Amino acid sequence: MENKEDAQLRYGSFLQQMITFADPTNVVVVGGRGVAKSTVVIAHRTLECVRLMPGAPVCIVANTYANLVDNIMPAVQNGWRLQGLIEGVHYVKGVRPPEEWKRRCSCIVDDYRHVYTFWNGSVIFLGSLDNPSLTAGKSVAHLVFDETKYASDAKAARVLPILRGDAITYGRCHLYGGVTITTDMPDIMEGEYDWFFRYAAEMDPERIVAIVQAFGELNRLRMQMLKAEKKEKPDPRKIARLEKKIRYNEEGLNKLRKGQTLFMNVSSLVNIDVLTVEYAERLYNGALEPHEFMKSVLGCRPGLRKDARFYVLFGDDHKYDDGTRSGVAAFSSSELRYLDPSKPLEGGMDFGKMMSLVIGQEQGPLYRVLKNFYILPPEWLPDLARDFREFFASHPVKELRLWYDRSGNNLQSQNQDYARQIKEAIEHDADGKRTGWTVTLMSRKQRVLLQEEEFNFMHTLMKGENPSLPKLLIDVNNCSELISSLEGARAGIKYRGEQKIITKIKKSEKLAVKKLPRLSTNLSDAFKYLLMRKHWMDAVKARRASAPVDSTFLEEWMRNRKSR
C-alpha cells in the first residue's frame, strides 16, 4: 500500500475482514478450531456495541459459567487489548465502577460481580445456560451467544427474550436488537443442536455484498480526509465537503446494515497464516480421527461415523445420478431416465408421525430406488397419495405393489387400518372417483421384521456378493432424504440372554417434526419394508446357514468397528 504513514497496517484474516466490513445486525459464525471466534468476532462485536451505543447493556451467554469466565472472556479481553483497550482504564470487571461511569449507564445495576463496566457507561452482563438466574429479568440491546451448539432450542428460547433493550435511545444503531452467535460445527448425532442454522436462510448475499462495497467507499473517503488534514495547508472547503460525504455514507451504511444477517461457516484454514500448516497437518495425521477433523477443522456438517452406522456398508457404490438435471430433484416421473415404463411400481411404507413412502423397481440384476415421499403433520395419507399420483401421473402401468409396516394392518377387521386408507387414497381422488391406479397390499400377513434380521439382510444386500440378491442403486437426486436417513441410522448393541444383537437406535424419530425427513430413521424403515421380501430373506438365511459358524455378521461388524 502506498503512503503507509497515512494508516496503521494490521493483519486481518478473511473472517476478521468480513466481520469488520459487513458488521450487520446479526452475525452467526460456525467456525473450526483456531479461527479466533472469541478474540476476533466477539471482541469486535462487543466493542462496537460499546462504542456505538454508549451506556447500553449487552449480554454474553455461554454454555457454562465456568467456560465463560475461564476460557471465553480472557480471549475476548485479549481481543480488546489488541484494539487498544486497557483494563482499569477503559473498563473494569466484577467491581463497582467509578461514579461518573455509573451515571452514564442507561440501566440500573445492583450487583457488579458478573458485569464488565466501560468508561462510557456501557455494561456487559455475563450469563450462562447452567445458571439461568444470571440473565433473569435482564433487558439488553445486543446479545452475544457463544458455544451455541450446546444450547437446546428450549434453552435458547429462554435466553433470547432478554433482547429488548431501549429502542428509543438505541434503536437507530444497526447493532440494536441483534445477536452475535459463535460456535463450532454441531453434531446432531452426538446430542448437539443446530437451531442457529435458521439464520442462514435470513442472509441476503446481495445485500451483504452491497454493504461491503459501501464500507469500501466510506473507507476511501476517510483515507482522503486523512490525507487532506495532513497537508501543510489544509483546504477547509475540501475538508468540509469530505465531512459531508462521510456523514452521508455513514448514515447510508447504517441503513444498509440494519436488520441484516451475516452467516459464515469457516474452516480453520481461514486463519492458517497464524495457525501454520504444521498445525493442520498435526491434527490430520493423528491428533484427530477423520470424522472429528472434518467437523472441527474443516467445518463440514457431519454425518454419522461409518463405524457407528447401522447400514455400515452403504456407500457411494449404491448411489446413482439420474443425469437429467444433476443435483435437482425431478418434477415428475417423466424426467426419470431409468424408470422402466413397462413395469409396475413397488413401494415400501412406514407409518408414524412422519409417513414415509419409498418407490423402486426391480430391473433384471439391479434394484433401483427411484423416489421417496413423505408427509409431516398436519398432512395425512390423502396428501401423500396425491403427491405420489401427481409425480407418477405419466407412468403407463398404474399398478403399485406395496410392502409396509405391520402396524398398518391394525384395525383391519374394522376397515380402519392405515394400509387400506393409503390404498383407497391412491385408487380414488378427493371426490371419490377412480384414478386408474391399483394398489396391491403385500404385507397383509407379514410377521415382525426383527432389527438383527434387518442388519444381516442389509449387510448381505449391500455387500453385493450373494447372486440371489439384486445390486442396490438409489437415486441421489430424488431420494436425498432416504440417503440421509440411511447414513444417519445409528447402530447399538443389546443382549438377548447371552447373545449379542445389533439394533437400530430409533431416538431420532422423536426429533422436532421439521428435522424428521433427513435425520430420523423413518425413511430407512420404509426402505426396509420395500426390500425385505420373503424370497430375498430366505436367500440371505440360506447363505448364512452354509457359512462357517465363526463368520457371523456381528463379529465382522465388530471387527470393522475396532479397525477404524
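Guide: We will take a helix, then a sheet, then a single residue. This is a predicted model, where local features need pLDDT of at least 70, side-chain atom pairs count only at pLDDT 80 or more, and totals for chains, interfaces and linings use all residues. Residues are numbered from 1 along each chain as its sequence is written, and side-chain values use heavy atoms, with hydrogens and water left out.

Visitor: How many residues does α8 have?

Guide: Helix α8 has 22 residues, 236-257. Helices here are DSSP runs of H or I with at least four residues, strands are E runs of at least two, and both are numbered from the N terminus. From first C-alpha to last, α8 reaches 31 Å, close to the 32 Å expected at 1.5 Å a residue. That expected span is 1.5 Å times one less than the number of residues.

Visitor: Which residues of α8 are buried?

Guide: I239, L242, I246, L253, N254 and R257. Buried means under 20% relative accessible area, exposed over 50%, and partly exposed in between (1.4 Å probe, protein chains only).

Visitor: Why do those sit on the same side of α8?

Guide: They cover an arc of only 105° around the axis, which puts them on the same side of α8. The arc is that of the directions from the helix axis to the C-beta atoms. An α-helix has 3.6 residues a turn, so residues three or four places apart point the same way.

Visitor: And what is on the face turned away?

Guide: Exposed residues, including R237, R241 and K244. On the buried side, the cover includes α1 (14-22) and α7 (205-230).

Visitor: New topic. What is the strand order in the open sheet?

Guide: The 7 strands run β9-β15-β12-β11-β10-β13-β14, with mixed pairing. Two strands pair if DSSP finds at least two bridges between them. β9 (319-320) and β14 (438-441) stand at the edges with a single partner strand each, so one side of each has no neighbour in the sheet.

Visitor: How do β12 and β15 pair?

Guide: In the parallel sense, over 4 bridges. L366 has K471 in β15 as its bridge partner.

Visitor: Last one: where is N466?

Guide: N466 is in the loop between α14 (451-463) and β15 (471-475).

Visitor: Is N466 buried or exposed?

Guide: N466 is buried, at 7% relative accessible area. Beyond its neighbours within four places in sequence, N466 is in contact (heavy atoms within 4.5 Å) with T460, A539, V540 and R543. Its side chain also reaches the backbone oxygen of A539 at 3.4 Å.

Notes:
A polar contact is a pair of N or O atoms within 3.5 Å; within protein, one must be able to donate a hydrogen and the other to accept it, and residues adjacent in sequence count only if both atoms are side-chain atoms.
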